[in-house]
Amino acid sequence: MYYNKKRRNFPIDVPHKITIDLSFSEEQFQKIILGLSAKEMENRWRIYYENDTLFFQRSWTGYTIFEAKIHKEKNRYFINEFLAERNPEKYRITDDAYDIEVITNKINKLL
């Protein structure tokens with residue numbers, strides 16, 4: 001059971017584009033789009049796929065921290081860039097390398 005039945009959903013206020021080079025097979029893509037739901041308060045992230053975009057939200061606040069467009073070429077799926085929140089009231093990190101590490105780790109956990 002979710003600890004908060006009314007999901008808050010706040011879009012990115014101050015988008016910052018970050019280049020990344022990730023690719024996935026069809027099988028991996030199918031795992032990624034299943035996402036991650038916060039079922040307990042200890043879960044800090046909600047990840048979901050909608051309209052060709054993978055959203056990464058903080059589960060407690062509903063703030064969207066990252067948005068990654070996924071596109072398909074031939075038989076592979078790619079993320080070439082993503083948006084990171086730069087509103088310091090929502091997300092204090094401003095280090096692109098750190099954000100790349102976070103989003104990569106979150107996607108790897110989905111796989």
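The entries below go from confidence and fold to the core and then the pocket.

**Entry 1: confidence.** I began by reminding myself that this is a predicted model. The mean pLDDT of the protein came out at 90, with 89% of the residues at 70 or more. I then looked at residues 1-5, where the pLDDT is below 50. That stretch still has 11 contacts in the model beyond its near neighbours in sequence, and I will read those with care.

**Entry 2: fold.** I looked up the secondary structure next and found 2 helices and 6 strands. Going along the sequence, I wrote down the order as β-α-β-β-β-β-β-α. I also checked burial: 37% of the 111 residues count as buried. For contacts with a separation of 6 or more, I noted that 57% join residues 24 or more positions apart.

**Entry 3: core.** Which residues have the most contacts inside the largest nonpolar core? I found L54, F56, F66, I79, F82, I103 and I107, in a core of 23 residues.

Setting aside neighbours within four places in sequence, I found L54 in contact with I32, I47, Y48, Y49, F66, E67, A68, I70 and I107.

**Entry 4: pocket.** I turned to the largest pocket, which has a volume of about 160 Å³. Its lining is made up of R44, W45, R58, Y91, I93, Y98, V102, N105 and K106. By type, I sorted these lining residues into 5 nonpolar, 1 polar and 3 charged. Which element gives the most to this lining? I found that helix α2 (residues 96-110) does, with 4 residues.

**Entry 5: K106.** I finished with one of the lining residues, K106, which lies in helix α2. Leaving out residues up to four places away in sequence, I found that K106 touches W45, I47 and F56. W45 is on the pocket lining as well, while F56 is one of the residues with the most contacts inside the core. Last, I checked K106 against L36: they are 70 residues apart in sequence, yet 9.5 Å apart in space from C-alpha to C-alpha.

Definitions and conventions. Residues numbered from 1 in each chain as written. Predicted model: local features only at pLDDT ≥ 70, side-chain atom pairs only at ≥ 80, totals over all residues. Heavy atoms only, no water. pLDDT = per-residue confidence, 0-100. Contact = heavy atoms within 4.5 Å. 1 Å grid on protein atoms, 1.4 Å probe; cavity = no way out; pocket = protein on both sides within 12 Å on 5 of 7 lines; lining within 4 Å. Points joined across faces, edges and corners; volume = space filled by probe spheres on them. Nonpolar A, V, L, I, M, F, W, Y, C, P; charged D, E, K, R; others polar. Core = buried A, V, L, I, M, F, W, Y, C linked by side-chain atoms within 4.5 Å. Buried < 20%, exposed > 50% of the residue type's maximum accessible area, 1.4 Å probe, protein only.
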